[in-house]
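I wanted the overall build, then a few details.

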Amino acid sequence: MRAVIAEDSVLLREGVAGLLRAADFDVVGCCETADELLLKVGSDAPDVAIVDIRLPPTHQDEGLRAALEIRARHPSVGVLVLSQYVELGLALKLFAGTGEGVGYLLKDRISDVPEFISAVRRIAEGGSAIDPIIVSTLVAKRRNDDPLSALTPREHEVLVLMAEGRSNQGIADRLVITLRAVEKYVSRIFGKLGLPSAGSDSRRVLAVLLYLRT
């Protein structure tokens with residue numbers, strides 16, 4: 001798999017590049033700015049772009065805007081946005097309209113190398129990855145008529161893992177249960193929440209996110 005990295009911190013940029021190379025990714029570009037990133041994506045056709053949400057010159061939302069432009073102009077390229085802090089509004093903007101090939105993680109997640117590499121690979125393959133803190137924040141925003149209260153503790157666990165972007169097999173591995181058990185939990189969860197359960201894992205993630213943000 002081919003990857004491009006946009007990060008203005010040399011240490012972090014080279015650190016991420018090293019982790020990816022050790023996991024057999026071909027790092028075809030390392031950039032400092034959004035403009036460089038867009039040129040690299042256009043010329044080198046990576047499978048995934050890893051982007052700091054705040055890039056020069058203003059360190060506001062250049063990275064996010066570049067990520068959205070990549071999604072619009074190169075929909076086959078997965079995009080993982082990294083952030084130092086939880087920025088819920090920006091994170092949800094990234095997932096507006098599609099849950100396929102997109103991710104938002106806090107930079108602290110990079111230290112969990114297996115999970116980070118798994119997330120990058122999942123996004124490159126068209127899946128999703130959402131930081132657990134984002135999911136926890138959304139889940140904590142209780143509604144007055146909160147259907148989440150109808151979920152069992154195990155169903156709640158499965159819901160959170162779904163919202164993080166994990167596949168059914170990934171959930172089964174994490175909870176040490178069978179794939180068939182996960183499928184049953186997912187079906188019951190979507191039934192209780194009144195959501196359509198058909199479609200890819202990433203589209204179901206989007207459905208869950210849209211539900212949690214209302």
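These are my entries, from the whole chain down to single residues.

**Entry 1: the whole chain.** I noted that this is a predicted model. I looked up the secondary structure and found 10 helices and six strands in the protein chain. Next I checked the radius of gyration. For the protein chain it is 17 Å, close to the 17 Å that the globule rule gives for 214 residues, so the chain is as compact as a globular protein of that length. I also took the box around the C-alpha atoms. Along the principal axes it is roughly 50 × 35 × 30 Å.

Entry 2: I asked what share of the 214 residues is buried. Buried residues make up 50% of them. I then turned to contacts between residues at least 6 apart in sequence. Of these, 64% join residues at least 24 apart. The accessible surface of the protein chain is about 9,700 Å². Carbon and sulfur atoms hold 53% of that surface.

**Entry 3: charges.** I looked up 26 positive and 29 negative side chains in the protein chain. The centres of the two sets lie 7 Å apart.

**Entry 4: helix α2.** I picked α2, which spans residues 34-44. Which of its residues are buried? I found A34, L37, L38, V41 and D44. Seen down the axis of α2, the buried residues fall within an arc of 160°, so they line one face of the helix. An α-helix has 3.6 residues a turn, so residues three or four places apart point the same way. On the other side of α2, I found D35, L39 and S43 exposed. I then looked for what covers the buried residues of α2. The cover includes the strands β1 (2-6), β2 (26-31) and β3 (48-52), as well as helix α3 (62-73). Last, I checked what follows α2. It is A45, with a positive phi near 45°.

**Entry 5: R13.** I located R13 in helix α1, residues 10-22. Is R13 buried or exposed? With a relative accessibility of 8%, R13 counts as buried, because the cut-off is under 20%. I set aside neighbours within four places in sequence and listed the contacts of R13. They are I5, E7, D8, C30, C31 and E32.

**Entry 6: E87.** I found E87 in the loop between β4 (78-83) and α4 (88-94). E87 is buried too, at 14% relative accessible area. Not counting residues up to four places away in sequence, E87 touches I53, R54 and Y104.

Methods. Residues numbered from 1 in each chain as written. Predicted model: local features only at pLDDT ≥ 70, side-chain atom pairs only at ≥ 80, totals over all residues. Heavy atoms only, no water. Helix = DSSP H or I, 4+ residues; strand = E, 2+ residues; numbered from the N terminus. Rg over C-alpha atoms; globule rule 2.2 N^0.38 Å. Buried < 20%, exposed > 50% of the residue type's maximum accessible area, 1.4 Å probe, protein only. Contact = heavy atoms within 4.5 Å. Areas by Shrake-Rupley, 256 points an atom, 1.4 Å probe, with all protein chains shown as cover. Lys, Arg positive; Asp, Glu negative; His and termini not counted. Charge placed at Lys NZ, Arg CZ, Asp CG, Glu CD. Arc of directions from axis to C-beta.
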